[in-house]
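Here are my notes on this model. Please read them with the coordinates open.

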Amino acid sequence: MRTARRSALIDRPLPEPSALPRRAPLPAHHPDPVLDVVVPVYNEENDLEPCVRRLHAHLGETFPYAFRITIADNASTDRTPLIAARLAAELPGTDWIRLAEKGRGRALHIAWSRSPAPVLAYLDVDLSTDLAALLPLVAPLISGHSDIAIGTRLARGSRVVRGPKREIISRCYNGLLRGTLAVGFSDAQCGFKAVRRDVAERLLPLVEDREWFFDTELLVIAERAGLRIHEVPVDWVDDPDSRVHIVSTALADLRGMARLGGALARGRLPLSALRRSGGDLAGDLPTGLARQVVRFAAVGAASTLCYVLLYSALRPAAGAQAANALALLASAIANTAANRRLTFGVQGHGGALRHHLKGLATFLVGLSLTSGSLAVLHHTAPGAGHRGELVTLIVANLAATLLRFLLFRAWVFPARRTTGPSAP
């Protein structure tokens, strides 16, 4: 039965943040639509009807629950609204909303915020992603296994057809995300995602972007809070008629990354509201050794670069030992702050002074190793030049970094442990 048309211009008030309940599977017999697939569109009078009819037929044939399709019109100026209204009248379970302003993120924010379906998804109107991946995308959310699911074009098993230009841009963007925000997911930009509604209700108020960075911001916040993100390799064929303006979108993404990174570094996001209650360990991530090693290595690489630059700048005026001490002290303070946020997931200002004091203690260990290495070098090879000093210091810093990681993990930021009875 066709749902009543909803107003899209007023956001529904969201509940006050509290701990998320434990994930649970949806009942086998669910009377209302389980899945709401949003199709954001702007001036898509040619592609809208074949997309929605194909999607509707696919869901009717393959999806075992009731579903809804929501066409989210981003203030189109062509015949898109007329086509959307006609499709909503003809196809059972199809609805449409019209926004007064453009923005894919804005359309998703409004449509997802107002939907009563327990699983929310979206896909691009060009249907670049093969619909065979839709059921594998939402199945982990229906079963209670995961909080968010994303299609990925960059994982093993994906089959992608697109030109080298877009391939390079996509890989560079996702590589930049891994290098700057230390993300673990592989593809932030694929227009094929789903989220559980209880998670969306907590995430959406924290996501500021209303354009193309919306997806990335939502995923970064979710991952940083420890929510489980499931990735599905997809078959994807590039749309040659894509209307994304690469330069302006890239600049907006860079601004979004800087803004989001600053908010995370300052502990401004209430990530605790996204953590699961009842013993769900996802809320305590990142605790895994592999993930911590990767993030620690990324922070360490940046710190080492800063150290080398500072040492090289200070060496002519201060001498080798003083330049080493000052450069190491500055990079160690920044390293401790970055690892506190990115590697060990500590948010807010609580315990910050204690962490930095312990970090300075590990700095003294590094100073002893590097200063001792310099002393040995000058004793055994008095004529060693600037290059020899740098090589010696880099090797000593690698040893100090390994020791510092072990001290950080076991002493400075020990893993949190929970007590009390297990949840039923």
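The points below cover a surface patch, a helix and a strand residue.

1. This is a predicted model. Please keep that in mind for each point that follows.

2. Start with the surface. L329, I333, L353, L357 and L360 make a nonpolar patch of about 440 Å². Two elements give two or more residues to this patch: α10 (320-343) and α11 (352-380). Helix α11 has the largest share, with three residues.

3. L357 sits in helix α11. Is L357 buried or exposed? Its relative accessibility is 53%, so L357 counts as exposed; the cut-off for that class is over 50%.

4. Now turn to helix α4, which spans residues 134-142. Its buried residues are L134, L137, V138, P140, L141 and I142. What do they pack against? The partners include one helix region, α1 (48-62). The strands β1 (35-41), β4 (119-123), β5 (148-152), β7 (192-196) and β8 (229-233) are also packed against by the buried residues of α4.

5. Check the backbone just after α4. G144 is found there, with a positive phi of about 90°.

6. Strand β5 deserves a look of its own. T152 lies in this strand. The relative accessible area of T152 is 1%, so T152 is buried; buried here means under 20%.

7. Which residues does T152 touch? Leaving aside residues up to four places away in sequence, T152 touches S158, S186, D187, E231, V232, P233 and V234.

How values were computed. Residues numbered from 1 in each chain as written. Predicted model: local features only at pLDDT ≥ 70, side-chain atom pairs only at ≥ 80, totals over all residues. Heavy atoms only, no water. Patch = residues over 30% accessible without salt bridge, like charges linked within 9 Å, V, L, I, M, F, W, Y side chains within 5 Å. Areas by Shrake-Rupley, 256 points an atom, 1.4 Å probe, with all protein chains shown as cover. Salt bridge = Lys/Arg side-chain N within 4 Å of Asp/Glu carboxyl O. Helix = DSSP H or I, 4+ residues; strand = E, 2+ residues; numbered from the N terminus. Buried < 20%, exposed > 50% of the residue type's maximum accessible area, 1.4 Å probe, protein only. Contact = heavy atoms within 4.5 Å.
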